[in-house]
Amino acid sequence: MKGTAIATPNIALIKYWGKRNEKLILPTGNNISFTLDEQLATKSTVEFSEKYKQDELWINGKNYSNPEQMKKSKPQLDFIREIAGINTKAKVVAESLVPVAGGLAGSASGLCAQALAAAKALNLRVSKKQLSIICRIGSGSACRSVYGGFVEWEKGESPDGSDSHAIQIADENHWPEFRCIIAIVEKKEKKVKSRAGMKKTVETSVLYPKRIEYLPLAANIVRNAILKKDLPTLLEATMRDSNNMHSVMLDTWPPIIYLNDVSKQVINSIHDFNSEGIKAGYSFDAGPNPTIFTVEKHVNEIKNVLKEIERIKDIIVSKSGKGPRIVEDHLI
Ligand code: PMV
């Protein structure tokens with residue numbers, strides 16, 4: 001009862017920040033992402049066996065098996081065990097090229113790889129929709145990693161979460177020139193985890209209701225711009241959404257601040273770069289690392305802009321990923 005899968009992170013163009021149901025991980029609004037290629041992939045093997053007395057999680061050789069560290073992994077394993085009608089404990093061994101909790105969407109690739117590997121281990125025939133729901137139970141953003149290209153997480157209406165899953169807006173061949181540039185400023189684990197942070201925002205931010213109200217409009221703009229390959233419209237909406245999310249974070253009590261001086265420098269440099277027309281669009285998750293969306297012909301110019309900024313340690317340029325896949329070389 002062993003399965004192995006590779007999944008990649010996704011970066012949101014319209015962000016997910018806040019739930020209407022904490023246990024089922026149901027978001028307050030639709031959100032939209034771009035799936036990355038395998039440069040930052042996570043490979044995960046899941047083995048269900050009577051020889052394991054407790055669930056175990058190992059990432060890059062390090063033991064992450066205490067309850068706090070298994071907060072995302074365990075509910076997903078429980079959910080999948082319930083579907084399969086078993087109680088058997090599991091060992092999960094992952095190799096990740098994404099820094100853990102560094103605000104680089106590592107949980108999306110990790111929990112998507114775990115979901116697919118576990119389904120394979122148990123020989124479950126799951127549709128993409130079911131796989132997306134299983135991913136969601138581990139980590140909200142993971143539900144978008146089940147597809148390549150551009151993906152929307154439909155928030156759904158049903159209280160049981162059965163209609164809250166990802167759909168594909170356009171596959172990886174729709175806009176082959178589209179790129180996501182990831183600049184690494186910080187690989188350290190963030191102090192406020194996204195789960196705790198977004199809960200506080202929903203509870204305390206006075207600006208947050210305005211965000212929920214504006215999200216459907218923003219999602220429409222982004223979805224249409226993707227379908228029309230309208231780069232300036234897409235990038236403006238993306239930057240504004242990142243700024244909006246980081247505003248409600250700051251408006252949270254106590255305030256949550258993920259952006260640092262380097263992040264702010266990137267914001268200013270990209271606006272300077274865009275002074276004669278929008279060619280690059282920044283976006284920040286729950287961390288200071290910038291991701292810059294663009295198309296291939298502008299990549300070198302943008303890299304030169306980023307190289308001027310001292311504390312940027314590494315730059316990765318990603319094309320669209322194709323979504324997760326099952327592999328046969330197990331890690332256990
Ligand atoms: O599902 P989580 O805990 O990885 O939430 C991530 C939320 C953001 O990365 C900040 C935004 C997003 O939509 O990916």
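Predicted model: local features only at pLDDT ≥ 70, side-chain atom pairs only at ≥ 80, totals over all residues.
**View 1. Two domains of the protein chain.** The chain is divided into domain 1, residues 2-172, and domain 2, residues 178-318. Their C-alpha centres are 23 Å apart.

View 2. The shell comprises 14 residues, and the closest are Tyr 16, Ser 139, Ser 141, Arg 144 and Ser 194. By class, five residues of the shell are nonpolar, five are polar and four are charged.

View 3. The side chain of Ser 194 places an N or O atom 2.9 Å from an oxygen atom of the ligand. For Ser 107, a polar side-chain atom is found 3.1 Å from a ligand oxygen atom. Gly 140 takes part through its backbone, a polar atom of which is 3.2 Å from an oxygen atom of the ligand. On its own the ligand has 380 Å² of accessible area, and the protein covers 94% of this.

**View 4. The interface between domain 1 and domain 2.** Contacts join 36 residues of domain 1 to 46 residues of domain 2. The two domains bury about 3500 Å² between them, with 66% of that area on carbon and sulfur atoms. On the domain 1 side, Leu 13, Lys 15 and Trp 17 lose the most area to domain 2, together 26% of what that side buries.

**View 5. Salt bridges and polar pairs.** Two salt bridges are counted between domain 1 and domain 2, along with eleven residue pairs in polar contact. Glu 152 and Arg 223 form a salt bridge in which the closest N and O atoms are 2.7 Å apart.

Terms used:
Residues numbered from 1 in each chain as written. Heavy atoms only, no water. Near = heavy atom within 4 Å. Polar contact = N/O pair within 3.5 Å; in protein donor to acceptor, adjacent residues only side chain to side chain. Areas by Shrake-Rupley, 256 points an atom, 1.4 Å probe, with all protein chains shown as cover. Nonpolar A, V, L, I, M, F, W, Y, C, P; charged D, E, K, R; others polar. Domains from an automatic or database assignment. Contact = heavy atoms within 4.5 Å. Buried area = accessible area lost by both parts, 1.4 Å probe. Salt bridge = Lys/Arg side-chain N within 4 Å of Asp/Glu carboxyl O.
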